[in-house]
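Good morning. I will go through one structure, piece by piece, and you can follow along on the screen.

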Amino acid sequence: MKKIISVVGARPNFMKMAPVHKELSKYKSKIKHLIIHTGQHYSRGMSDVFFSELELPNPDIHLGVGSKSHAEQKARIMVEFEKIIIKEKPDLVMVYGDVNSTTAASIVSSKILSEEGRPVPVAHIESGLRSFDKSMPEEINRMITDILSEYLFVTEPSGVRNLRQEGIDEKKIFFVGNTMIDSLKFYLKKTAKSSILKELCISEKNYALATIHRPSNADSKVNLNKILNIFKSINKINPETEIVFPVHPRTLKMIEKFGLRKSFEEIKNLIITDPLGYLDFLKLTMNAKYVITDSGGIQEETTYLQIPCLTLRENTERPVTSEIGTNVICGLNERLITRKIREIESGKFKKGRTPRLWDGEAAKRIVKILLKKI
Ligand code: UD1
C-alpha cells in the first residue's frame, strides 16, 4: 500500500485538490490518501464551506496554523508538518497552487530523507506558472515549489515553456490540464441549487462581479481609492448594472484601516457580501455580465465559462486566459477599463476559446501518471 499526503491550506487549494482526491479514491486498495489542512485559512466561509460543498472528507489532520506574518505562517506550517511526515512516512506529498502552505510543505518534504536516503518526492499541481513579478508572494512560492518538485503537473503551455527555460528536467514535466476546471465542470450543474441571485435580488447578465484581495491592491490606500473610482465608472457607463462585491477578509480589514468603508458603502448599485461558498460564487460567475478581479483562479474560470474578465493587475501568470480566453489585463488603468466595459455593454468584447486539455480530465491524467511512477 502506497501513502500519498495532500497538503492544502487556503481557499483556492480546495477545488484544485477535490478531483484528485475523488480519482485517488478509486484506488483505495493501492493508495491511502491523507489530507492535511494547514489552517492557513480557518474561517468557515474561507475553508469549511468548501470541504462540504466539494464533498471532501474532513481533513485527516488539521495543523491549525491560522493567519500570521509570512515568515511565522510558513515556519509554523514547516514545524508541524515535519512531525507528520516523520510519523507517516508518505511515498509522495502533493501540493497545490502557489500559497504559503504549498511552499512550506514542499520545503519540508524535500528535506526529510527516507530509509533509502532519498527525500520524499513532491508533486506540484499547477506548476510552471510565472508572472515574472517577484513582488508577488505567490511568484516566489511558485518558483521555490517547482525547484523542489519531482512531478510538475502543468495547466497551460506557458508553464511548460517556463519550466524548460528554468532548466527543469523534461522527464519531470507533465502537461495535464487544470484540476480547478475539473471541479468547475463537475459542479456546474449543482449550481442549480444555489439561490444567490434571488437572495441578492439581481438577475442574470445584469450585474458585474468583483473580487479584490492581492496585497498590491488591498494593502494600498491609493489603489483601493482607484478601485472605488472604477466601481463609480461602472455606474456611469450603465446605471442599471449592479456590482456584486464579496469582500475577502484581508480587503475588508484594509478598507476599514484606511477609513474607506463609508465611501464603498455609498457607491450606487454596490452590493457588498461576505466571502461566498463555492456553488454560490460559481453561480454568480456564470451569470455575470462581466467580472472584475485580481484573483488568479477566477481568470481561468471566466475563460472556461466565456465570461468577460477584466483583471486589475499589471501581469498574469496565466497568459493563456488573455491570449485565447476572455481575460484582459488592465492594471488599474481606468481609461482602459471603461473602454473594455463599453465594449462588453455594446456586445463588441472579444470572444474566447477553451484552452487545450481544460476538459475535466486533468485529475485522471495526474493519477494515471502517479500510479505508474510511485
Ligand atoms: C492567500 C494566498 C493567495 C490566495 C488567497 C485566496 C498566500 C501568499 N496567499 O492570500 O495566493 O489567492 O489566499 O484567498 O498564500 N483571514 C480571515 N479568515 C481566513 C483567512 C484569512 O479572516 O479564513 C484574514 C486574516 O486576517 C489574514 C488575511 O485574511 O490576515 C490574509 O490571509 P492570508 O492567508 O495571509 O493570505 P490571503 O490574502 O488570504
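I begin with strand 9, residues 242–246. Four of its five residues are buried, so strand 9 is largely enclosed by the rest of the structure. Please keep in mind throughout that this is a predicted model.

Which strands does strand 9 pair with? On one hand there is strand 8, residues 207–211, which pairs with strand 9 in the parallel sense over three bridges. In that pairing, Tyr207 sits opposite Glu242 of strand 9. On the other hand there is strand 10, residues 270–273, and here strand 9 has four bridges, again in the parallel sense. The bridge partner of Ile243 in strand 10 is Leu270. For anyone new to this, strands in a sheet pair through hydrogen bonds of the backbone, and the pairing is either parallel or antiparallel.

Now the whole chain. How many helices and strands does the protein chain have? The secondary structure comes to 17 helices and 13 strands. The radius of gyration is 20 Å, close to the 21 Å that the globule rule gives for 374 residues, so the chain is as compact as a globular protein of that length. Along the principal axes, the C-alpha atoms fill a box of roughly 65 × 40 × 40 Å. Of the 374 residues, 59% count as buried. If we take contacts with a sequence separation of 6 or more, 72% of them are between residues 24 or more positions apart.

Strand 1 is joined to strand 2 by seven bridges, and the two run parallel. Strand 1 also runs parallel to strand 4, residues 92–96, with four bridges between them.

Six of its seven residues are buried, so strand 2 is largely enclosed by the rest of the structure.

Now a pair of helices. Two packed helices are described by the angle between their axes and by the distance between those axes. For helix 7 (residues 179–187) and helix 13 (residues 278–287), the axes come within 11 Å and cross at roughly 85 degrees. That makes helix 7 roughly perpendicular to helix 13. Which residues make the contact? From helix 7 they are Met180, Ser183, Leu184 and Tyr187, and from helix 13 they are Tyr278, Leu279 and Leu282. Sorted by class, this contact has six nonpolar residues, one polar residue and no charged residues.

Thr191 lies in the loop between helix 7 and helix 8 (196–199). Is Thr191 buried or exposed? Its relative accessibility is 4%, so Thr191 counts as buried. Setting aside residues up to four places away in sequence, Thr191 touches Leu279, Leu282, Lys283 and Met286.

Thr145 is in helix 5, residues 137–148. With 0% relative accessibility, Thr145 counts as buried. Beyond its neighbours within four places in sequence, Thr145 is in contact with Val95, Thr102, Thr103, Ser106 and His124. Take Ser106 from that list: Thr145 and Ser106 are 39 residues apart along the chain, and their C-alpha atoms are separated by 6.0 Å.

Glu317 is in the loop between strand 12 (309–311) and helix 15 (320–323). Glu317 is buried, with a relative accessible area of 1%. Without counting residues up to four places away in sequence, the residues that Glu317 touches include Arg130, Arg142, Ser158 and Gly296. Glu317 and Arg44 are 273 residues apart in sequence, and from C-alpha to C-alpha they are 29 Å apart in space.

That is the end of my part.

Definitions and conventions:
Residues numbered from 1 in each chain as written. Predicted model: local features only at pLDDT ≥ 70, side-chain atom pairs only at ≥ 80, totals over all residues. Heavy atoms only, no water. Axes fitted to C-alpha atoms, helices over the stretch in contact; angles between N-to-C directions. Parallel < 35°, antiparallel > 145°, perpendicular 65-115°, else oblique. Contact = heavy atoms within 4.5 Å. Nonpolar A, V, L, I, M, F, W, Y, C, P; charged D, E, K, R; others polar. Pairing = 2+ DSSP bridges. Rg over C-alpha atoms; globule rule 2.2 N^0.38 Å. Buried < 20%, exposed > 50% of the residue type's maximum accessible area, 1.4 Å probe, protein only.
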